[in-house]
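I opened a notebook for this structure and wrote down what I looked up, entry by entry.

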Amino acid sequence: MKSSLSFCNGTLLRKNLTRFAPLWGIYLAGVLLVGPVLLFVALGTAGHANRREIAEELLLVLRIASIYAHLIYALLTAGVCFKYLHKTRSAYMMHAFPVNRLTQFCTNVVSGLLFALVPQLLSAVLCLPVLALYGVPNALGLAGALLAHWVLQYLCFFGLAVFCMMLSGRTVIAALSYLAANIIGWALPFMVLRIVEPLFFGLDLGGSSFTFLSPMIQLSTQAGEGLLWPAVYGAVGLVLLALAWLHYRVRQLERTGEAMAYGWARVVFLLLFTLMAGLTVGWVLWMIFSMGGSIYHGVFGFCLCLCAGLFLGCFGARMMLSRTVRVFRRGKNWLVYGAIALAVVLCVLGVRFDVLGLQRMVPSLQSVRSVEIYTQESSMFGPPGDQIIIEDPQELQTVLALHREQTEQMAAGKILAEPDGFASNPFAPRGSIRYRVHLVYHLRGGLTIRRAYILTNIQEGSKLLDGLYAVPQRCEEYYARILPETVRTLEVYKTDTTYGLTGKSASIYPELRQAILADAAAGKFPIHCNAVRYNVILQSQEGDGHSYLNLDVPSTAAQTLALLD
Amino acid sequence: MLEVRNLTKTFDGFRALDELSLTVPKGAIYGLVGPNGAGKSTVIRHMTGILRPDSGTVTIDGSPVYENPAVKAKIAYIPDDIFYFPSSNLRDMRRFYGGLYPGFDPDLYRSLLQVFGLDETMALRRFSKGMQKQAAFLLSICIRPELLILDEPVDGLDPVMRRQVWSLMLQDVAERGTTVLVSSHNLRELEDVCDHVGIMHKGKMMLERTLAELQDNVVKAQVVFREGADTLPEGLKVLHRSASGKIHTLIIRGSQELVNSALASVNPIFFDLVPLTLEEVFVYELGGVDYEVKSVIL
């Protein structure tokens, strides 16, 4: 360990392991308790038949719960290992010792990893005899998967925590940055969308999200999906450790005590904090002052609220960076705030007034290769997967006509933008059915354009859409694909005001299936319809589990209705 | 030999060190003095390899100090504000220093522990400031350093302990020829122990000489002139002149021999040459440069 070539100093390592023994001791006790001990108790009280299921479910729960435990534990371990960088006395003293920075960094990283990996390994190894004792098959695989998840989760969070410790000159700011880094990938796009959605007519992000930028959220949502994401984040953790070292090499110790220890980090911190705080506060201010009014119609007032929010955000960020409340004494700081506020306001106004013409744009027939159409109703019993793909030029023209109708009505002021980002017809009669239609254009150049509009069933566009959904061959293929051969249960609800359950049972399903297919072949059972008489909920077997299917039975489906009435 | 050459360090546009150069010869006890904000602690942090220079070099026997564990293992550093690991005791620190410094002498540690009378099992944070300084001295001496760097070393110690600490340090210098650099405001104390002195002001080295050179170069004379014959000979450079009754006090630049013969030539009733204290040397040498220097030294 004392070799000049060694990257790890034995004395420093021993100091870390002994000084922080209470921390890793508690963690060790925790992972032993929730690992082998909990497994032993759970399997001991379970019947023979379902021990495997219980073991699998318990280990899955452990994988999910450990994400949050490791989120905090990694911050603590990185904190204790690198806290000396955040106090002038300790930073100077530690760097006066005859140990170079690489050795200090590597020793601290090894310490931090040992704090977690040894307890995790011990816990996983002890799970093996417990699983074997109760005859759970594939014990090695189950314990190995648990260990792999734990190790990769910890690696990700530890790498991020060390990186944040390195960037910051103060422990509190480092901890806050770490927690913010874990959610900002979700939080910032969320806030941006809250603002852009009401302003961008027809905005459709196609379910895309930025949660992959938030390790905590992404790992939580993907916990049951194998090791891909944990491995990705584990690798990211390693990259962050490497970046942390590159920063440590050039760290100026005189920056100790400052919120951010590097120039670029100060700029990023200022921008992200100002934007995040500014957008949130601006939005909240608007909601308060406008009593929840439309951003679209009060965009200038909203911009004022945003400017106020950004001012507070910029003030807060500057205050933390310079550790004083007199942050706007320098003209340069006013200029930076002005530039940020101006950029945000211009973006908001640009979207609101469609400066780039994106909201008015309808693709030409020649440029479109195909269009995917699907609807999404407000009803929880809306039809599933009513997606159709249009390639026929004749039908493509129908879709483009529908799209054009929307943009023209919007331009003519016949459709008003709503706070939820869609549009409605203010002249639609009371009780008319509104539903959301999504258009996904695949252009010949390889581009994809997504739009979403709210239609009312009296609109011309809605009738055009109904026509596309009612093409007999398309309907027959669609229902033949989605209807299972057999079902376990069947429930039929009347869609009148009572929404009552009828007494029909699964025994009628074979006949019902034939009737639906016959109606579909006759064009009487469209893929999507607005005039619904019944909701049919089917439960069918699928592998080890089961799935549900909700069907809307239209008033035109004569054969089907004959069975259900 | 510790050499600092053209060292410059800027903190957010403020030039803390400005092309600073100094030389500490091997075996010397070098006193580094200067007013608050002169850059004494900053230059010491460069000498101990804590801070990276913007430009210039800090070397010990020709090897750079920054990121050089082999050189740093020869240096013991006692800052003005000592850091110990929270909840650690002297025994923990002894193990830590013993692991990091190959020259750590456990026998010396045990004997010095008796001298200082410190409880090595007591948490260091429970020690008084003076006891913490003693502990730092104890650990630093025990690593058998070639260079001992002390930033306000006896600040907070009682007079008995000050004397003990200085005598320990001088004993180490005498036995092993340790080079010592001391930063202090207390010129009277430095006068007793230092053989080299450097004075800093606003990040620059204003004066760097041996104590003997300094004291040989300026002489304090008390003279009673004959009636009407108080004119001094041509060429005598008088830095300061004051009178109390018939007794004139003169501070004159030049060697004792030169001043002696010059004063004898005017045939005064009485004259005597009095040795200058370090404080007086600084005041009269540098008093005209900047009142801040004077105020600190006085």
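The entries below go from one whole chain to the interface and then to single residues.

**Entry 1: the model.** I noted at the start that this is a predicted model. I kept that in mind for every value below.

**Entry 2: chain A as a whole.** I looked up the extent of chain A and found that its C-alpha trace spans about 90 × 75 × 45 Å along the principal axes. I then listed its secondary structure: chain A has 17 helices and 9 strands. Of the 565 residues in chain A, 50% are buried. I also looked up the surface, where chain A exposes about 26000 Å². Among contacts with a separation of 6 or more, 73% are between residues 24 or more positions apart.

**Entry 3: the size of the interface.** How many residues of chain A are in contact with chain B? I found 25 residues of chain A in contact with 27 residues of chain B. The area buried between the two chains is about 2400 Å², and carbon and sulfur atoms give 60% of it. Which three residues supply more than any other three of the area that chain A buries against chain B? They are A:Arg89, A:Met93 and A:Pro98, with 26% of that area.

**Entry 4: polar and charged pairs across the interface.** I looked up the salt bridges and got a count of 3 between chain A and chain B. I wrote down one salt bridge in detail: B:Lys9 pairs with A:Glu254, and their closest N and O atoms are 2.9 Å apart. For polar contacts, I found 8 residue pairs across the interface of chain A and chain B, with both residues at pLDDT 80 or more. Next I asked which elements give two or more residues to the side of chain A that touches chain B. These are helix 1 (10-19) and helix 4 (88-96) of chain A. Helix 4 gives the most, with 7 residues. By residue type, this side of chain A divides into 10 nonpolar, 6 polar and 9 charged.

**Entry 5: B:Ser88.** I found B:Ser88 in the loop between strand 6 (75-78) and helix 3 (90-100) of chain B. Is B:Ser88 buried or exposed? It counts as buried because its relative accessible area is 4%, and the cut-off for buried is under 20%. The side chain of B:Ser88 reaches the backbone oxygen of B:Phe85 at 2.6 Å. I set aside the neighbours within four places in sequence and found B:Ser88 in contact with B:Met93, B:Ala123 and B:Leu124.

**Entry 6: two positive phi values.** I looked up A:Asp354, whose phi is near 50°, a positive value in a residue other than glycine. A:Asp354 sits in the loop between helix 12 (331-352) and strand 1 (368-376) of chain A. With a relative accessible area of 8%, A:Asp354 is buried.

In chain B I looked up B:Glu67, which is not a glycine and has a positive phi of about 55°. The place of B:Glu67 is the loop between strand 5 (63-64) and helix 2 (69-72) of chain B. I noted B:Glu67 as partly exposed, because its relative accessibility is 31% and that class runs between the cut-offs of 20% and 50%.

Note on methods: Residues are numbered from 1 along each chain as its sequence is written. Chains are lettered from A and ligands numbered from 1 in the order in which they are written. This is a predicted model: local features need pLDDT of at least 70, side-chain atom pairs count only at pLDDT 80 or more; totals for chains, interfaces and linings use all residues. Side-chain values use heavy atoms; hydrogens and water are left out. Contact means heavy atoms within 4.5 Å. Buried area is the accessible area (1.4 Å probe) that two parts lose on being put together, summed over both. A salt bridge is a side-chain nitrogen of Lys or Arg within 4 Å of a carboxyl oxygen of Asp or Glu. A polar contact is a pair of N or O atoms within 3.5 Å; within protein, one must be able to donate a hydrogen and the other to accept it, and residues adjacent in sequence count only if both atoms are side-chain atoms. Helices (H or I, at least four residues) and strands (E, at least two) are DSSP runs, numbered from the N terminus. Ala, Val, Leu, Ile, Met, Phe, Trp, Tyr, Cys and Pro count as nonpolar, Asp, Glu, Lys and Arg as charged, and the others, Gly among them, as polar. Buried means under 20% relative accessible area, exposed over 50%, partly exposed in between (1.4 Å probe, protein chains only). Accessible areas come from the Shrake-Rupley method with a 1.4 Å probe; for residues, only the protein chains shown count as cover.
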